[in-house]
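Have the viewer open as you read.

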Amino acid sequence: MADYDLEALSLSELKKMQKDVAKAISTFEDRQKVEARAKVEALAHELGYTLAELVGTETKSSRSPAAPKYRHPENPALTWSGRGRKPQWFVEALEAGKTASDLAIS
């Protein structure tokens, strides 16, 4: 490994060296990851599997949105499934004397 007299370098040379070192570290880590992945894939192949089969890269099924249970009495475009935080229109309707069953979608 080369010895550098850091005291003899200018500020611009030190900054360039710092940038070069950061890049070298980054590419070193990338090379290590590629090497590790190749080894793991080879081992999985020896055992008769693919790496994807072993690490479970299957996609999870996404939940469909819940069906609305309540509808705004004046604006039917506003609905609420009954899950999560109550919408303001629902709270206001309850305060005005309506019940949840009055707002329920039949």
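Which backbone nitrogen does the side chain of Ser-81 reach? The backbone nitrogen is that of Arg-83, and the distance is 3.2 Å. Please keep in mind throughout that this is a predicted model.

Ser-81 sits in the loop between β2 and α3, the latter spanning 88–95. Ser-81 counts as buried because its relative accessibility is 16%, and the cut-off for buried is under 20%.

What does Ser-81 touch once its neighbours within four places in sequence are left aside? The contacts are Ala-66, Ala-67, Pro-68 and Lys-69.

## The chain as a whole

Now zoom out. The protein chain has four helices and two strands, and from the N terminus on these elements follow the order α-α-β-β-α-α.

The radius of gyration of the protein chain is 31 Å, whereas a compact globule of 106 residues would have one near 13 Å. Along the principal axes, the C-alpha atoms fill a box of roughly 85 × 50 × 15 Å. Buried residues account for 10% of the 106 residues. If you look at contacts between residues at least 6 apart in sequence, 23% of them join residues at least 24 apart.

## Surface and charge

The protein chain exposes about 9,500 Å², and 54% of that area is supplied by carbon and sulfur atoms. As for charge, there are 16 positive and 16 negative charges in the protein chain, and their mean positions lie 10 Å apart.

## The loop between β1 and β2

His-72 lies in the loop between β1 (70–71) and β2 (79–80). Is His-72 buried or exposed? With a relative accessibility of 16%, His-72 counts as buried. A polar atom of the His-72 side chain lies 3.0 Å from the backbone nitrogen of Glu-74. Leaving aside neighbours within four places in sequence, His-72 is in contact with Leu-78 and Trp-89.

Pro-73 is found in the loop between β1 and β2 as well. Its relative accessible area is 46%, so Pro-73 is classed as partly exposed. Beyond its neighbours within four places in sequence, Pro-73 makes contact with Lys-98 and Leu-103.

## Helix α1 and some distances

Helix α1 covers residues 11–46 and includes Gln-32; Leu-11 is found in helix α1 too. Why does Leu-11 count as exposed? Leu-11 has a relative accessible area of 58%, and exposed means over 50%. Gln-32 is partly exposed, because its relative accessibility is 38%.

- Gln-32 and Ala-2 are 30 residues apart along the chain, and 23 Å separates their C-alpha atoms.
- For Leu-11 and His-72, which are 61 residues apart along the chain, the C-alpha separation is 68 Å.
- Pro-73 and Ala-38 are 35 residues apart in sequence, with 62 Å between their C-alpha atoms.

## Back to the side chains

Terms used
Residues are numbered from 1 along each chain as its sequence is written. This is a predicted model: local features need pLDDT of at least 70, side-chain atom pairs count only at pLDDT 80 or more; totals for chains, interfaces and linings use all residues. Side-chain values use heavy atoms; hydrogens and water are left out. Buried means under 20% relative accessible area, exposed over 50%, partly exposed in between (1.4 Å probe, protein chains only). A polar contact is a pair of N or O atoms within 3.5 Å; within protein, one must be able to donate a hydrogen and the other to accept it, and residues adjacent in sequence count only if both atoms are side-chain atoms. Contact means heavy atoms within 4.5 Å. The radius of gyration is taken over C-alpha atoms; the globule rule is 2.2 Å times the number of residues to the power 0.38. Accessible areas come from the Shrake-Rupley method with a 1.4 Å probe; for residues, only the protein chains shown count as cover. Lys and Arg count as positive and Asp and Glu as negative; His and the chain ends are not counted. The place of a charge is taken as NZ of Lys, CZ of Arg, CG of Asp or CD of Glu.
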